[in-house]
Amino acid sequence: MTKDFEPTIVAFLCKWCSSAGSDLAGVSRMKYPPNVIPITVMCSGSVSPLYIFNAFQKGADGVLVSGCHPGDCHYIKGNFYARRRIALVKELLDFIGLESERFKMSWVSAAEGTKYTEIIKDFVKELKPLGPQKKLRRDQ
Amino acid sequence: MVEMEQLQKEAKEILKQGKVKFVIGYSKGSQNLTATPVFIKKPEHTSRLIWDPTCVQNLVKFIVDDKQKQSREKKPDERPVGIVVKGCDSRAINVLIQEKFIDRDDVYILGLSCEELGVVDEKKIAQKLEGKKIEKIEFAKKNNLIVSTKDGEKKIPVKDVLADRCLECKAHFPVIYDQLFGEETEREVKEPYKSIKKTESQSPKKRWDFWKEQLEKCIRCYACRSICPMCYCDECVADSINMAVTAETTAEEKAQKIKWIERSPALSENIGYHLIRAIHLAGRCIDCGECERACPVDIPLRLLNKKLEKAAHELFDYDVGFDHKKPSLISSFKDEDPEDFIR
Amino acid sequence: MEKILTKKEFPSWIKNLKSFNVYGPVKKDALWEYERIQDPDKLDLNFKNTVLSPKKIIFPQREVILDFNHKKKGKPEIQEALPEETKNVIFGVRPCDARALTLTDKVFEEEPGDKYYLRRRHQTVTVGLTCSDPPSENCFCTSLGGSPHSTEGLDILMTELNHKYYVHSFTDKGRELMKAASDVFKNPSEKDKKDLKQVHKESEKKIKRQVKELSKITDKLKGMFDSPFWDEESMSCLKCGICTYLCPTCHCFDISDEVLSSSPLKGQRVRTWDTCQFPYFTMHSSGHNPRPDKSSRLRQRILHKFSYFVDNYDDYQCTGCGRCISKCPVDIDIIEVLEKVKDYE
């Protein structure tokens, strides 16, 4: 059963770096698993914890938040705020017993198409053995 | 020792002088065991004020209430409100000032030091009495409670029934005040995060099973939100009607409006609500434990907040409510913030 | 039918009720709640007041009204979702909570009748338990025309007599339930009947709290709508929903659509509890809120229970279970409020 399981990943990608990075992966015809539902946001700092909880509630098996490298933020410091906030969300989700593998954060610049594909490949590989995320899911 | 007479005298004085519009304090409860909030407007009523380990409530919520009421009034009385606070409650005031919800001048703080004690936990008292009904509780000399049941009086040392939060309290005296009553005695806290230790050490599966069982009980009465002095938003995401409905809003738009959480007390919705509550209190919760005390179905809500308090302390060296001039936890950052979890 | 059942035999009665879903008070940590029971030993009849009353079984906090499914290029499919046809029995119902059901009956039986509530109500047998010792220090049922051994709203009343129960059924539903295991019941002796009377008489004396002259209070409340009294009394109110959610007689609800998928549009229309203590309960779509503050909401709770309900149904909408007093985080005491109304001005 778990062998055939294809996880769904919701990825919040910042418009200026990570989303452009994923575009680069696309136009460069790099191969990576099609399990991601990308959602472009203006900045990783604009990702409310609500978005993350809601993605899990609506059936995401994994959630990724990705922004510019520290110092590269289009809004100067949005990703620094994100770094703090996401760390807290991670602690909280871990504390209630959600597998910590299901929630990730990354820095992907507009030039790092390869890094983006690597991140997704590894994420899918890690999620597969965990099976579907049912803990926070709404329609169970 | 906090002298009750001194507290009453000071309250009387500030009311007489018209320095404050009213004083919020504790008075003897009617039927329940703990003290009850009291709002004193006349100097001659200040003798109703009490102070003992049954004064569990965090009265800062009523400052929030008053502020919100003022915003609706055309000609509000802008004099400060006098308020009796413990150490933990005083830090709540600090957070409110830090977040610019109130000004320092909005409150006249009568700070009380818990000294070597704290406040009691009703559940622990009930446990001690093995289900016997309590008819009366009185605070006696030498830090004992005299509890009367049908089998007579029983002496219980306050130390044995202190609330968990008091056992883990880092600041048992007010950090901000206009008048201080009692001593700023030091006390050692061996394990400031003892209550979450057990849950933390368990496997993710065990932790999940624990929270599943606890959060399934939630009946969404929102007492935890209502009692929290930090929950002052005019609209809460949990209510999910935060969409401007105009004459032009179509039925479809209304149907498609974002609803973060449903009203149903289903597990997924309960978890959604409590996660949001916890994360919104990160770096703001001062651990007064009121959410847990108010919960009618005994969900250990404090643990969620404590976990984030610990994370703020360990990851970002941030302690809540000690300095209202500092920026708040999530409106600030440091270059050296940990990022080992980020790829 | 009046019979005697020993405590030892009690589980075998439950075991014989195979065609029923059995509910009863179960202890979890420090609290009791009514829950579905598979193992009769889990049932704990030596219980203090449960947090929620058995209202939660008859009128659940979440009830699906209908399922909807709208595929593109088709008519929307709508399926009514009436409660399953089952036979339920609730053991250990407190007389006050049973009386409360007769009050919610009045509301839900009004034309055209609430199918969901009524079906659950009719297919549920209520087995009461006399409160020989008041289950809460805030019990005041005797002030509202009830008693610790009242039979209103019950099919069967059990009264504990040392190591046995005196089981009295007054309806067909109740008699049927006893016949399901007729061999475990014995006929009561004259002494048992005498003991029963004694226990009932004593149980009334043990109720400590009371409200006197309620009719006077009801009259007085009529002129107090605009009184500053409510501002004073509600000063410490937190606007949470504990008092109303735990109340066995409160019955307000909200209806909302829970969308599970937007394409195809699929989901459920559900009814969930709501309470007059929440700000959005009375919020109009214009943004106007006729009950904008806590004083108007406390007023609503008291007036509904002791004035409007009396006008509409000739009864108080309170049975004196004391839950709202015991569980209020800021000690708002309905008995005290009523007493103050009486002495006001």
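**Reading two contact surfaces**

Chain C is divided into domain 1 (2–205) and domain 2 (214–343), with bounds that come from an automatic or database domain assignment. This is a predicted model, in which local features need pLDDT of at least 70 and side-chain atom pairs count only at pLDDT 80 or more, while totals for chains, interfaces and linings use all residues. Residues are numbered from 1 along each chain as its sequence is written, chains are lettered from A in the order in which they are written, and side-chain values use heavy atoms, with hydrogens and water left out.

Student: How many residues of domain 1 of chain C are in contact with domain 2 of chain C?

Tutor: Contact means heavy atoms within 4.5 Å. By that rule, 41 residues of domain 1 of chain C touch 41 residues of domain 2 of chain C, and the centres of the two domains, taken over C-alpha atoms, are 25 Å apart.

Student: What area is buried between domain 1 of chain C and domain 2 of chain C?

Tutor: Buried area is the accessible area (1.4 Å probe) that two parts lose on being put together, summed over both. Between these domains of chain C it is about 3,800 Å², with carbon and sulfur atoms giving 58%. On the side of domain 1, the residues that lose the most area to domain 2 are Gln61(C), Phe68(C) and Phe140(C), together 18% of what that side buries.

Student: How many salt bridges are there between domain 1 of chain C and domain 2 of chain C?

Tutor: A salt bridge is a side-chain nitrogen of Lys or Arg within 4 Å of a carboxyl oxygen of Asp or Glu. The count between the two domains of chain C is 5. As a case to look at, the side chains of Glu63(C) and Arg271(C) meet in a salt bridge at 3.9 Å, N to O.

Student: Which residues of chain A lose the most area to chain B?

Tutor: Begin with the whole interface, where chain A and chain B bury about 3,800 Å² between them, 68% of it on carbon and sulfur atoms. In chain A, the residues that lose the most are Arg84(A), Leu88(A) and Phe95(A), together 24% of what that side buries.

Student: How many salt bridges does the rule find across the interface of chain A and chain B?

Tutor: The rule finds 6 salt bridges across that interface. In one salt bridge, Glu269(B) is paired with Arg138(A), and the closest N and O atoms are 2.7 Å apart.
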